[in-house]
Amino acid sequence: MTVPLIIDTDTAQDDCVALITALLDPVADLRAITMVAGNVGFDRQVRNAYLTLNVTGRLGEIPIHLGCRRPMVREWESAENVHGDGAGGLDMDVSGLAPEAEHAVDALVRLAAESPGELSVVAIGPLTNIAMAVVKDPGFARNVKTLYVMGGSNNGRGNITAAAEFNFYVDPEAAKTVFAAGFDVTVIPWDPLTLRQAVFGQERLDAIAALGTPLSDFFIRVCAATLEFDRSVGIDGTTHPDSLTSAVLFHPELVRRAARYHVDVETGGELTRGYSAMSWGVHGLTANATVVEEIDAEGFYSYLKGLLAVETKPNRTISF
Ligand SMILES: [Ca+2]
């Protein structure tokens, strides 16, 4: 059985890897890519999505819808200090390629309404588009089968501040809106899950590089800037929160432990903007989300490595 889905992304580094999973995994039926303001400049993110489609040989097959270019009430803040251009300096001729005329929020609302209860959404950037779809269509949360969110930390450290993970920090109002909207939502947090179980150290990166495929070359290149940043902050490898999010949707058997939590997001704190309060059931709050706590880390790495070993034929020449 295939998994029909939309990926909502701020395409840079591991977002590209998540797109690769959705483009190559036979289980995945990727219906659209929706773009949201996040990691790097908006137009650069679109280019990174084209680069990813291209390396999988699927350029022109998946519609890209452009979404919100800034958070709901705040100014956009980038993570270019972490990701550079988000694609390791890779580039290509994008002439003749055009995103859809339909706005991402309209596409999310329409596609979910066209097949109620069937479509999953993997949200791996700030939650602006998802929240705006909730605002626009009160039936959106009900029409979506499952929402998989990369964001927040489960009573752990942040990455953009001590308290907050980037996606929730950039648009905390959107994140708060989404957790109050009644989705069937699964959360893949930054800490501890990603930091403990989805970091690829040098040995794994060497093994991926040795595959020698267009995809493995692309992977190493796209992850290079983030690897340098990660090492500068004491993380010994590349981090894969976004591809982990899509992977556990396609292969729930990768989840070793998950639990129900009440998740809410701080919008007013002086020091804690974007903090995810994940309450584990002892505070009298009704659970509204499933939070993944532990995965089969070796299985996740093997899964990605297996996909990167696939010999693809890029549609256009990749330059750098
Ligand atoms: Ca992302």
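Predicted model: local features only at pLDDT ≥ 70, side-chain atom pairs only at ≥ 80, totals over all residues.
The protein chain contains 13 helices and eleven strands. Along the principal axes, the C-alpha atoms occupy a box of roughly 55 × 45 × 40 Å. Buried residues make up 51% of the 320 residues in the chain. Of the contacts between residues at least 6 apart in sequence, 84% are formed by residues at least 24 apart.

Nine strands are arranged in an open sheet of mixed pairing, with the order β3-β2-β1-β4-β5-β6-β11-β9-β10. The edges are taken by β3 (64–66) and β10 (276–279); each has a single partner strand, so one side of each is left without a neighbour in the sheet. On average, neighbouring strands of this sheet are turned by 30° against each other, direction ignored.

Within the sheet, strands β4 (residues 119–123) and β5 (residues 144–150) run parallel and are joined by five bridges. In this pair, Leu-119 lies opposite Val-144 of β5. Helix α1 (residues 14–24) packs on the sheet, where it touches β1 (3–9), β2 (28–35) and β4. The direction of α1 makes an angle of about 165° with that of β1. Helix α2 (residues 42–55) also packs on the sheet, in contact with β2 and β3. For α2, the angle to the direction of β2 is about 160°.

How values were computed: Residues numbered from 1 in each chain as written. Helix = DSSP H or I, 4+ residues; strand = E, 2+ residues; numbered from the N terminus. Buried ≥ 20, exposed ≤ 12 C-beta atoms within 10 Å, placed from the backbone. Contact = placed C-beta atoms within 7 Å. Pairing = 2+ DSSP bridges. Axes fitted to C-alpha atoms, helices over the stretch in contact; angles between N-to-C directions.
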